[in-house]
Amino acid sequence: MGFAANQQKNADLVWDLNKINKHEQARSFVQKFENKLCVFSSAVEQLYTNYSIFFPEDAGRQMVILPDPYAFHDTFHHLKDNAVQATGLHIIPGNLIGKQGLYLVISHKDKNVRSVPIPFQEGMRQILRRSHSDDPFLPVLMKGDLREFNDQLPCLHLHRLRLNKLESLSELERSGIKSVITDKLMKLYQESSALNL
């Protein structure tokens, strides 16, 4: 199947940004993470590790994820959506809380539980420390993960890929996915101080 045909069938790669009030800030924010976080599509059970982000002029407030058609080896197939779960973990711009840089914060369903934002690099360090465990924390993005935090500034919600739920994949394939995501996280960690808004 050709790339264009596959693209049309995959609505998960077209993100509607109409619910985001600060559209330009959202564009700028999400572009900082282009190719730094992998994108998962449950519709076609694929994980994209090499892609570009576009904002088509004629499509209103939409963002399109375009996987590199020449890097087919950078797309992982047959990932069931039950292997991906929401985390409640968000990457937020520091100016949302009167600080510089990026922060990680967990939003709780219970509004009485107040979460403490932690500096992005510290959070990334904790995530990377778990990368060698039996159940590593492997963050991925999905359609809808670019949103506004407390109806104010754009943020990115993180989903998590659970390797132990990918029973249909070989050990080699699971190891390859883990390596790609971990390498991207390490790069993101190293570059994070330059990602200030």
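In the predicted model, the largest nonpolar core comprises 48 residues, and those with the most contacts inside it are Leu-47, Ile-91, Leu-146, Leu-161 and Ile-177. Helix 4 gives the most to this core, contributing five residues. A second, separate core is made up of seven residues, among them Ile-92, Leu-96, Val-105 and Leu-153.

The surroundings of Ile-91 can be described residue by residue. When residues up to four places away in sequence are not counted, Ile-91 touches Phe-29, Phe-33, Leu-37, Leu-102, Tyr-103 and Leu-104, and likewise Phe-120, Cys-155, Leu-156 and Leu-158. Two of these neighbours of Ile-91, Phe-29 and Phe-33, are both buried. With ring centres required to lie within 6.5 Å for a pair to be assigned, the count comes to one aromatic pair. That pair is formed by Phe-29 and Phe-33, whose rings are 5.4 Å apart centre to centre with 65 degrees between their planes, an arrangement that is edge-to-face.

Another contact of Ile-91, Phe-120, belongs to helix 3, which spans residues 120-129 and in which Gly-123, Met-124, Ile-127 and Leu-128 are buried together with Phe-120. Viewed down the axis of helix 3, these buried residues fall within an arc of 135 degrees, and they therefore line one face of the helix. The elements against which the buried residues of helix 3 pack are strand 7 (84-93), strand 8 (102-106), strand 9 (118-119), strand 10 (138-141) and helix 4 (171-191).

Most residues other than glycine have a negative phi. Against this background, Asn-35 has a phi near 65 degrees, a positive value in a residue other than glycine, and is located in the loop between helix 2 (23-31) and strand 2 (38-41). The relative accessibility of Asn-35 is 26%, so that this residue counts as partly exposed. For His-78, phi is likewise positive and near 65 degrees, again in a residue other than glycine, and the position of His-78 is in the loop between strand 6 (75-76) and strand 7. His-78 counts as exposed because its relative accessibility is 55%, a value that lies over the 50% cut-off for that class.

Technical notes
Residues are numbered from 1 along each chain as its sequence is written. This is a predicted model: local features need pLDDT of at least 70, side-chain atom pairs count only at pLDDT 80 or more; totals for chains, interfaces and linings use all residues. Side-chain values use heavy atoms; hydrogens and water are left out. Rings of Phe, Tyr and Trp (its six-membered ring) pair if their centres lie within 6.5 Å; planes under 30 degrees apart count as stacked, over 60 as edge-to-face and the rest as tilted. Buried means under 20% relative accessible area, exposed over 50%, partly exposed in between (1.4 Å probe, protein chains only). Helices (H or I, at least four residues) and strands (E, at least two) are DSSP runs, numbered from the N terminus. The arc is that of the directions from the helix axis to the C-beta atoms. Contact means heavy atoms within 4.5 Å. A nonpolar core is a set of buried Ala, Val, Leu, Ile, Met, Phe, Trp, Tyr and Cys residues joined through side-chain atoms within 4.5 Å.
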